[in-house]
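Please keep the sequence and the model in view while reading.

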Amino acid sequence: MIPPAVVCENDIFPTLGSRPMASLKARDVMDAVKQVEARGATDQAGRVLQRVKAIYRWAVTHQRIDTNPMLDLVPSEILKPRTVQHRAALAEKELPEFMRKLAAYDGAPSIVLGLRMLMLTACRPGEVRGARWVEFDRKAALWTIPAERMKMREEHGVPLSKQALEVLDKIEAISGGRELVFPSPYYPSKPLSENTFNSALARMGYKTIATAHGFRALFSTVANEHGWNPDVIERQLAHREQNEIRAAYHRTTYMADRTKLMQWWADYLGGDRAIRH
């Protein structure tokens, strides 16, 4: 993620940085943000707007300026809707063959076992790649991912199936004395690179057919089709409730139900047969 200071330096300071904050109008910031969007950087434009609004809130709170002219700048009213990119995902009928190929794949243990943990937990690839040993309580069969590593910036507890715990036992022999659970095979102090999982899938013959992130969609589809509670599934995926009123009253983690779901999912995958690496 681009640091906040760099966001301002690159996209705000060149055009507005020399002007006093109190002299800027909402239109000035809106024009600057839309210039960022015009070069195809829609996500960056949203970050720029968010940062500028945060700066103005701080300035009013600390009495550096009297009023906040940026209050009415709403991203959805200024920026074009973001195009959702659907990652390629396996179909349910392709799972048995994929699991056989994964079991036979002769890659680095941290990559193979990382892929298995990815499938067994339905977590995001970055959450698995950055996993730290300190986050795991194996006696409680729980992986607690801190808020700073989560997309929604909220701590997320992940129940671990017997098969996921076996993956940890396997990888412990390699990285047990280090900070990272699934370190790079080339630079052990660093996590697996962003493209590692997808590159492995491509070498297995699944280029354009499956992506690491697509396993989350596969998990959701299969679990829903087998009758699991959609709320439990969404909570396991760490999706934020879109309805604000429902979110305010719907804070349960469904941990007991998610524990059952993830053991069912691991058994469904044949996870006990897929960790022989």
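S220 is found in helix 11. The model is a predicted one. With a relative accessibility of 15%, S220 counts as buried, because buried means under 20%. Leaving aside residues up to four places away in sequence, S220 touches I233, E234 and L237.

Not counting residues up to four places away in sequence, F219 touches A122, I233, Q236, L237, L261, M262 and W265.

## The nonpolar cores

Which residues touch the most other members of the largest nonpolar core? Among its 55 residues, they are F98, W143, L168, F182, F215 and F219. The elements giving two or more residues to this core are helix 6 (95-104), helix 7, strand 2 (142-145), helix 9 (162-175), helix 10, helix 11 (214-225), helix 12 (230-236) and helix 14 (255-269). Helix 7 supplies the largest share of this core, 8 residues.

## Helix 7 against helix 10

Two packed helices are described by the angle between their axes and the distance between the axes. The axes of helix 7 (residues 109-121) and helix 10 (residues 196-206) come within 10 Å, and they cross at roughly 100 degrees. Angles of 65 to 115 degrees count as roughly perpendicular, and helix 7 and helix 10 are therefore roughly perpendicular to each other.

On the helix 7 side, the residues that meet helix 10 are I111, G114, L115 and L118. Their counterparts in helix 10 are T196, F197, A200 and L201. The residues of this contact divide into 6 nonpolar, 2 polar and no charged.

## Salt bridges

Side chains of opposite charge can pair when their charged atoms come close. A search of the whole structure finds 9 salt bridges. One of them joins the side chains of K34 and E37, at 3.6 Å from N to O. Both residues lie in helix 3 (residues 26-38), where K34 and E37 are 3 residues apart, about one turn of the helix. K34 is partly exposed, with a relative accessible area of 34%, whereas E37 is buried, at 9%.

R132 forms a salt bridge with E179, and their closest N and O atoms are 3.3 Å apart. R132 lies in the loop between helix 8 (125-129) and strand 1 (136-137), and E179 in the loop between helix 9 and helix 10, so the pair ties together parts that are 47 residues apart in sequence. R132 is partly exposed, with a relative accessible area of 24%, while E179 is exposed, at 52%.

D169 counts as partly exposed, at 47% relative accessibility. R138 is partly exposed too, with a relative accessible area of 29%.

Note on methods. Residues numbered from 1 in each chain as written. Predicted model: local features only at pLDDT ≥ 70, side-chain atom pairs only at ≥ 80, totals over all residues. Heavy atoms only, no water. Axes fitted to C-alpha atoms, helices over the stretch in contact; angles between N-to-C directions. Helix = DSSP H or I, 4+ residues; strand = E, 2+ residues; numbered from the N terminus. Parallel < 35°, antiparallel > 145°, perpendicular 65-115°, else oblique. Contact = heavy atoms within 4.5 Å. Nonpolar A, V, L, I, M, F, W, Y, C, P; charged D, E, K, R; others polar. Core = buried A, V, L, I, M, F, W, Y, C linked by side-chain atoms within 4.5 Å. Buried < 20%, exposed > 50% of the residue type's maximum accessible area, 1.4 Å probe, protein only. Salt bridge = Lys/Arg side-chain N within 4 Å of Asp/Glu carboxyl O.
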